[in-house]
Amino acid sequence: MTSRRDSFQDTRPPIARRRRRRPIAAAATTAALLPTLFSASACGGSADASTSGTELTVMTWAPAGTGSADRPGMTALASAIGKDVNEEGGLSGHRLRVITCNEHNTADGARSCAQQAVDAKVTAVIGSYSQWGEAFMPVLERAGIPLIGGYGLSQPEFASPLSYPVDGGLPALVAGNGRQLVDAGCKSVALVRPDTPAGDNLLGYLGTALRPAGVKLTDVKAPEQSSDYTPVVRKAIGKDEAGNCVTSALASEPTGNLMDSYRRLAPKNTRIASVIGSVQQSVVDSTGGDTGPLNGAYVTSWYPPESAKVWDGLRAVVRTDTTGGHTIDVSDPGVQTTWVAYEVFRTVTRKLTEGGKPVTPKTVTSLLDSGEGIDVGITPSLNWGTTNMLPSSGSPRLVNTWVTYQVVKNGRMTLQQPGFVDIRWALTGGRPPA
């Protein structure tokens with residue numbers, strides 16, 4: 001198996017790692033922002049008409065007020081970044097206007113947010129969360145607007161020529177988790193996953209990762225929402241023999257409920273595992289920390305753990321955010337993905353400005369398509385050039401095939417081993433490197 005970098009060092013460009021003069025309070029919550037979120041002009045026009053004087057307009061969307069799908073930290077962070085950038089003098093000489101949108105976890109909501117982005121003539125949609133890629137991506141494509149750093153919930157985010165994902169989505173996490181469990185000595189793995197078409201796909205990725213080692217895979221379908229997962233956990237545990245492992249690919253709130261059932265059944269020989277998004281530090285804390293069922297769990301992530309120095313810039317922006325009684329959870333992978341996506345946009349804007357070029361949807365996509373690596377110091381260098389595409393008809397834009405292996409020790413998510421692990425082979429149906 002291939003790993004990259006011995007440690008997570010701060011290799012970000014100067015604009016991202018500069019010493020901050022003061023922490024900037026984040027903007028109000030999505031609900032409080034609603035009066036100003038949709039104030040952009042509704043007139044049409046070319047997407048390249050994206051700057052007004054020295055202003056750049058971008059959009060970030062995520063669901064709010066829907067229950068378990070909510071990601072208010074992503075839009076709150078986007079607003080905080082816009083405020084911080086402007087109070088620090090702008091982005092390479094440009095004032096940054098950040099528009100946020102509630103996509104309500106519906107296809108119509110996602111389509112509406114995309115249309116608002118078109119009407120506002122945004123330069124890019126950045127760091128957004130929606131499972132309705134089939135609804136929003138065609139709207140952006142018709143207008144020529146790039147999507148930078150979508151969360152990676154839908155197939156169009158890994159297929160559209162105007163999508164630039166910064167992580168490998170659930171496919172990379174699940175495949176990487178499979179190899180992590182092989183290395184941990186698991187003889188059988190039960191995957192607790194949603195009973196949906198997306199869940200069906202996850203089973204295939206995990207199976208590809210486990211098959212070369214001869215590890216048995218058990219499919220355990222689970223409802224996306226339940227207050228009692230006891231029957232699900234009982235099926236996943238099976239005979240509770242040595243070498244048994246259970247991994248979860250549910251959302252974070254259902255995973256918390258799943259852990260309640262796991263704790264009540266108290267298996268003695270079965271090892272628990274999961275992926276980031278299902279588990280994050282706040283879930284570990286809420287389920288008991290170092291005395292809870294997740295202590296000792298194996299977790300596969302896209303990024304270094306929240307405690308790593310590479311997140312210092314993110315922490316500085318959100319440190320004082322208590323507006324409306326809410327905080328931005330720095331351990332939330334949606335928040336982290338939004339930060340990475342905005343760092344990519346910072347880097348692209350700097351490169352274009354230094355080259356004397358305007359910052360428009362067309363110039364942004366041209367630079368990202370050029371094959372020039374974009375390194376923000378948090379992930380391996382990102383490259384969406386043709387030669388770096390994944391040889392997959394369904395997910396050619398899944399270019400970041402690197403993951404990190406973490407383990408929960410003393411109630412904290414920590415690195416199991418340094419650096420990144422490349423699981424590209426598992427995503428293309430190959431065999432693990434010697």
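Trainee: Before any angles, how are helices and their axes defined here?

Mentor: Helices are DSSP runs of H or I with at least four residues, numbered from the N terminus. Axes are lines fitted to C-alpha atoms, for helices over the stretch in contact, and angles run from 0 to 180 degrees between N-to-C directions. The model is predicted: local features need pLDDT of at least 70, side-chain atom pairs count only at pLDDT 80 or more, and totals for chains, interfaces and linings use all residues. Residues are numbered from 1 along each chain as its sequence is written, and side-chain values use heavy atoms, leaving out hydrogens and water.

Trainee: What is the angle between helix 8 and helix 9?

Mentor: Two packed helices are described by the angle between their axes and the distance between the axes. Helix 8 (residues 230-237) packs on helix 9 (residues 252-265) at about 60°, with axes 9 Å apart. The two helices are therefore oblique to each other. Angles under 35 degrees count as roughly parallel, over 145 as roughly antiparallel, 65 to 115 as roughly perpendicular, and the rest as oblique.

Trainee: Which residues of helix 8 and helix 9 meet?

Mentor: Contact means heavy atoms within 4.5 Å. From helix 8 come T230, V232, V233, R234 and I237; from helix 9, L258, S261, Y262, R264 and L265. By class, this contact of helix 8 with helix 9 has six nonpolar, two polar and two charged residues. Ala, Val, Leu, Ile, Met, Phe, Trp, Tyr, Cys and Pro count as nonpolar, Asp, Glu, Lys and Arg as charged, and the others, Gly among them, as polar.

Trainee: Is V233 buried or exposed?

Mentor: Buried means under 20% relative accessible area, exposed over 50%, partly exposed in between (1.4 Å probe, protein chains only). V233 has 4% relative accessibility, so V233 counts as buried. Leaving aside neighbours within four places in sequence, V233 is in contact with L258, S261, Y262 and L265.

Trainee: How many residues does the largest nonpolar core have?

Mentor: In soluble globular proteins, nonpolar side chains tend to be buried together. A nonpolar core is a set of buried Ala, Val, Leu, Ile, Met, Phe, Trp, Tyr and Cys residues joined through side-chain atoms within 4.5 Å. The largest here has 76 residues, and V344, F345 and W384 have the most contacts inside it. Helix 12 (residues 333-354) gives the most to this core, with nine residues.

Trainee: At what angle do helix 3 and helix 12 pack?

Mentor: Helix 3 (residues 72-87) and helix 12 pack at about 35°, with their axes 9 Å apart. Their contact includes L77 and I81 of helix 3 and W339 and Y342 of helix 12.
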